[in-house]
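Hi everyone, thanks for coming. Let's take a look at this one together, starting with the picture.

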Amino acid sequence: MNRNRIVLLALTGAVVLAVLGNVLPKPVSAWSEAELEILRSLSLDSLPALPAAPSNAVADDPRAAIFGGKLFFDGRLSANGTISCATCHQPIRRFTDGLQKAQAIGTTDRHTPSIVGAAYSPWQFWDGRSDSLWSQALAPLEDDREHAFSRGKAAALIAGDPDYRDAYVALFGPMPDSSILDGPQIDTVFANLGKAIAAFERTLLPTESRFDRYVRTVLSPEVGEQSSLFSDDEIRGLRLFIGAANCTQCHNGALLTNHEFHNTGVISFPGETPDKGRVVGVREAMANPFNCRGSFSDDPHRRCDELEFARTGVTLIGAFKTPSLRNLENTAPFMHKGQFATLSEVLQHYNIAADSMIGHNEAKPLGLSSRQLQQLEAFLGTLSAPFASSIACEAAKNLPGACIEMADNDFP
Ligand code: HEC
Ligand code: HEC
């Protein structure tokens, strides 16, 4: 065989292989090593331990979680005796309320976010105007549109209820009679109530979704890409999510959020002044007397890195906190004012990525087909999980009556 013929044969072989490669596509489920790493990082198996909360000395005390759980569901902490945190953060809706803007004594100007996993976030509220769960919890109690209560009345309620008083004293020490509580003492009781509620909220953690099980099976040597837990559409949607659609730029980690603030061009309703978001929220967090640097913080070192290194400036105009994408099936409507009723509206919004009314839209137009948008939506549906929380159950095994089990079917 002369040299030319060998070259020719080799060339023909290459062409045949190339053609075959096109005719026989790789299975949709074939993930590269790099992609598998990304999938692993998004799954609950990668969720780190809860971050420490040095400004809250009772953050991980199970007695505080139980006390805080009672406060969370107690309507007496409101002007009309019926509004509790759970009025808006309803367990059955994964701690949201199904409304565009939250309603209690009045109507607020933003949408109720889920608080499942909120303990992982260094900033609370859509604009991050609180730097801890405990300082966050104080705001709705005194907001005229929410509980419309006052710190004085809250302190009096605790002092006057024997159960609450005992729980309080066990955690925080003696409590003066409410009639002689002075201003600073009232502030201390108020801050402590926030700390107990925060301890409860630290027990509200995401549970395993089909996505998490899918990732575990594709990573296992026995099953790998043979996993039947996802449909082809869901796999294509996931591929878009981590690839061409660039969602993981902001929705990353096991909670599908970077806990950062971004302008994604979501505008307010017609007739409303545009919401400036984080640019205002960061200033409020700095000025809050109940922040990590303030006198109610339990952190002896007042390190407060979040406040110290908080990003400020014009890029934060119209920026909001990236929400988790877990449990979207139960948390519509979406975005900071509930602007979108459905996930398909959300995806349309990203697909076009129009200029922002204020600030600069960081999301880039995607130009995906409607088929691809459906695939993305199919994937997002796999991130839902049944709700089950055994509040502080594990930690509180030794405390009588400590274990309050909540599951989906407890809430009609
Ligand atoms: C009237 C309905 C309503 C009530 C009552 C209410 N909330 Fe909220 N909650 C909201 C809304 C709306 C937001 C977002 C507000 C914003 O970002 O400006 C929010 C935000 C939060 C957040 C921040 C979550 C995040 O990821 O940023 C937490 C935590 C929270 N609420 C806990 C509580 C607690 C604890 C109580 C009771 C002390 C409470 N809420 C009472 C509606 C309510
Ligand atoms: C530049 C960062 C960024 C990128 C990229 C991004 N998001 Fe978001 N996402 C956000 C922020 C910030 C919000 C809240 C915006 C608001 O309320 O104004 C949000 C909100 C959402 C919501 C609403 C969740 C809720 O509970 O209200 C969904 C769903 C969502 N994004 C999905 C996606 C998908 C799917 C992609 C990819 C196509 C994507 N996002 C790309 C930052 C981003």
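Predicted model: local features only at pLDDT ≥ 70, side-chain atom pairs only at ≥ 80, totals over all residues.

Residues are numbered from 1 along each chain as its sequence is written, while chains are lettered from A and ligands numbered from 1 in the order in which they are written.

So, ligand 1. It has 30 residues around it, with C85, C88, A104, W126 and P140 coming nearest; a residue counts if its C-beta atom, placed from the backbone, lies within 6 Å. Which element gives the largest share of that shell? That's α5, with five residues. Helices here are DSSP runs of H or I, at least four residues, numbered from the N terminus. By type, the shell holds 16 nonpolar, nine polar and five charged residues. Charged means Asp, Glu, Lys and Arg; nonpolar means Ala, Val, Leu, Ile, Met, Phe, Trp, Tyr, Cys and Pro; the others, Gly among them, are polar.

Over to ligand 2. It is surrounded by 24 residues, and C247, C250, V266, F334 and H336 are the closest. Helix α13, residues 343–352, gives the largest share here, three residues. The shell splits into 15 nonpolar, eight polar and one charged.

Last, the helix pair. Helix α6 (residues 151–160) packs on α8 at about 75°, axes 9 Å apart; axes are lines fitted to C-alpha atoms over the stretch in contact, and angles run from 0 to 180 degrees between N-to-C directions. So α6 is roughly perpendicular to α8, a label covering 65 to 115 degrees.

How values were computed:
Helix = DSSP H or I, 4+ residues; strand = E, 2+ residues; numbered from the N terminus. Parallel < 35°, antiparallel > 145°, perpendicular 65-115°, else oblique.
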